[in-house]
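Subject: Structure handover

Hello,

Here is the structure I said I would pass on. My notes on what was found in it follow below.

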Amino acid sequence: LGRQRLDKPYLRDADGKLKPVSWQDALGAVAERLKGDASKIAAIAGDLACAEGMKATLDLMRSLGVQSTDCRQDGAKIGIASDGSAMPRESYLFNSTLMGVEDADALLLIGVNPRVEAAVFNARIRKSWIHNELKIGLIGPQVDLTYDVEYLGAGPESLLALKPGDKFYDVLKSAERPMIIVGQGALARGDGAAVLSAVSQLAADVGAHGEGWNGFNVLHNAASRVGGLDMGFLPGEGGRDIAGALTGAQAGEVETLFLLGADEIDAQHFGDAFVVYIGSHGDRGAHSADVILPSAAYTEKSATYVNTEGRVQRTQRAVAPKGEAREDWAILRALSDYVGKTLPYDSLDELRAKLGEDHPSFLGLDYAPGADSAGDAPPYGAAGQMGAAPFEAAVTQFHLTNPIARASKVMAECAELAASDAPAAAAE
């Protein structure tokens with residue numbers, strides 16, 4: 001958390017070099033870019049963004065008329081339907097809850113490797129396999145999950161083959177509480193909306209979606225994702241999603257890119273766009289930025305996150321921010337003054353009150369909604385043709401999945417050992 005930190009504002013000069021400047025100069029430079037054509041501005045939230053930072057960013061962008069906003073950094077086709085309307089919350093939550101796997105009697109994994117993506121949850125699956133004789137099927141990369149699975153295939157063709165008369169379909173259909181988990185490896189692709197539609201329809205067909213039990217589940221990898229979807233950090237009317245924003249940047253149609261801790265995007269996709277980066281570490285986003293506004297890491301702020309179950313959770317600040325770094329929402333609040341669109345909150349409590357007023361799901365702390373009700377019925381997504389490409393893992397080098405981990409010498413060494421297939425004893 002202390003290495004490669006951004007502890008002061010930076011501005012790229014005429015020679016193309018980033019040089020430290022005052023907060024006033026940095027915010028003034030950003031404000032000039034935000035006073036331009038709103039259709040040529042896009043904002044992207046990264047995987048570690050907190051709800052307060054995203055809310056302030058979204059409020060500022062909408063006050064400026066900016067509709068090109070997206071929290072789905074990996075391009076996952078969730079949260080918004082093809083007609084631009086919002087999908088029900090049940091379409092992107094882990095509705096059964098993580099503990100719910102202990103009540104399930106049949107489980108199908110699609111495009112997900114829980115051993116790598118959610119290791120503690122994977123141990124819970126193994127516990128159910130040992131003690132409850134949980135029957136498990138897998139569609140996606142064939143990997144060792146530490147328990148026996150019936151391998152059904154690698155991609156969409158295997159998903160389509162699950163029909164009445166198929167052995168594992170009948171296992172799901174005859175189960176009292178069938179459970180299906182779809183991962184980002186199946187949703188973050190061009191046909192992700194069609195995959196979501198097919199998986200959610202399968203869940204309904206086998207009886208996974210009923211009163212008192214919702215067996216349809218999406219496993220998320222990004223700490224910010226559910227909170228972003230809950231508040232609608234998605235393209236507004238006529239706005240671009242992340243793919244459209246990057247395509248627009250390369251074509252010169254998007255002139256300003258606002259990155260809230262978005263570090264998983266290749267800078268070559270930014271074209272000649274002016275890049276504003278708010279974040280804590282000198283990672284990919286900062287390297288490509290024209291202005292850097294240093295923010296607090298998650299240990300340095302009291303913040304709100306929503307987990308994969310839809311459970312709203314709060315963190316408490318443990319240490320002070322580094323150097324001149326500030327909390328994300330406070331940076332946005334200060335910036336709003338510079339552009340003449342002052343945000344209607346001056347404190348964290350006021351911001352949280354506004355967050356709860358606009359999005360009531362944030363009012364219930366530590367509550368997982370899917371545990372009680374089936375909610376809106378599937379299918380979700382958009383019916384359509386699925387590609388032939390097999391589902392790929394969303395997470396490969398799990399030691400290096402975010403800027404904080406990539407700044408760690410220990411994590412880098414672990415990644416090297418894993419890549420070299422070193423003996424387990426050496427890795428330990």
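Helix 2 and helix 13 are roughly perpendicular to each other, because the angle between them, about 75°, lies in the range from 65 to 115 degrees that counts as such. Please keep in mind that this is a predicted model.

Helix 2 and helix 13

Helix 2 covers residues 51–63 and helix 13 covers residues 348–358, and their axes are 10 Å apart. On the side of helix 2, the residues in the contact are Ala 51, Glu 52, Lys 55 and Asp 59. Helix 13 brings Leu 348, Leu 351, Arg 352, Lys 354, Leu 355 and Asp 358. Sorted by class, this contact has 6 charged and 4 nonpolar residues, with no polar ones.

Helix 1 and helix 12

Helix 1 crosses helix 12 in a right-handed sense. From helix 1, the contact takes in Trp 23, Gln 24, Leu 27, Gly 28, Val 30, Ala 31 and Leu 34. From helix 12 come Ile 331, Ala 334, Leu 335 and Tyr 338. What classes of residue make up this contact? There are 9 nonpolar and 2 polar residues in the contact of helix 1 with helix 12, and no charged ones.

Trp 23 deserves a separate entry. This residue lies in helix 1 and counts as buried, because its relative accessibility is 14% and the cut-off for buried is under 20%. Setting aside residues up to four places away in sequence, Trp 23 touches Pro 9, Leu 293, Pro 294, Glu 324, Arg 326 and Ile 331. Its C-alpha atom is 9.9 Å from that of Ala 325, although 302 residues separate Trp 23 and Ala 325 along the chain.

The nonpolar cores

In soluble globular proteins, nonpolar side chains tend to be buried together. The largest nonpolar core here has 80 residues. Those with the most contacts inside it are Leu 108, Ile 110, Phe 258, Leu 293 and Leu 335. Helix 1 (residues 23–34) gives the most to this core, namely 7 residues. Apart from this core lies another one, of 19 residues, including Ile 44, Ala 262, Tyr 277 and Ala 286.

For Ile 110, the contacts beyond four places in sequence are Ile 139, Leu 159, Ile 180, Ile 181, Val 182, Gly 183, Ala 186, Val 199 and Phe 391.

Two further buried residues

Thr 256 belongs to strand 12 (residues 256–260). At 2% relative accessibility, Thr 256 counts as buried. Away from its sequence neighbours within four places, Thr 256 is in contact with Arg 33, Lys 40, Ile 41, Ala 42, Ala 273 and Phe 274.

Asp 283 sits in the loop between strand 13 (274–279) and helix 11 (284–287). Is Asp 283 buried or exposed? Asp 283 is buried, with a relative accessible area of 7%. The C-alpha atoms of Asp 283 and Gly 261 are 9.4 Å apart, and the two residues are 22 residues apart along the chain.

Residues outside helices and strands

Gln 67 is placed in the loop between helix 2 and strand 4 (68–70). With 25% relative accessibility, Gln 67 counts as partly exposed. Its contacts, leaving aside neighbours within four places in sequence, are Arg 62, Leu 234, Pro 235, Gly 236, Glu 237, Gly 239 and Arg 240. Lys 167 is 100 residues from Gln 67 along the chain, and the C-alpha atoms of the two are separated by 47 Å.

Most residues other than glycine have a negative phi. Gln 4 has a positive phi, near 55°. The position of Gln 4 is in the segment before strand 1 (10–12), and at 41% relative accessibility this residue counts as partly exposed. Asp 366, which is not a glycine, also has a positive phi, of about 55°. Asp 366 is in the loop between helix 13 and helix 14 (403–406). At 53% relative accessibility, Asp 366 counts as exposed.

Regards

Definitions and conventions
Residues numbered from 1 in each chain as written. Predicted model: local features only at pLDDT ≥ 70, side-chain atom pairs only at ≥ 80, totals over all residues. Heavy atoms only, no water. Axes fitted to C-alpha atoms, helices over the stretch in contact; angles between N-to-C directions. Helix = DSSP H or I, 4+ residues; strand = E, 2+ residues; numbered from the N terminus. Parallel < 35°, antiparallel > 145°, perpendicular 65-115°, else oblique. Contact = heavy atoms within 4.5 Å. Nonpolar A, V, L, I, M, F, W, Y, C, P; charged D, E, K, R; others polar. Core = buried A, V, L, I, M, F, W, Y, C linked by side-chain atoms within 4.5 Å. Buried < 20%, exposed > 50% of the residue type's maximum accessible area, 1.4 Å probe, protein only. Left-handed = near helix turned anticlockwise from the far one by under 90°.
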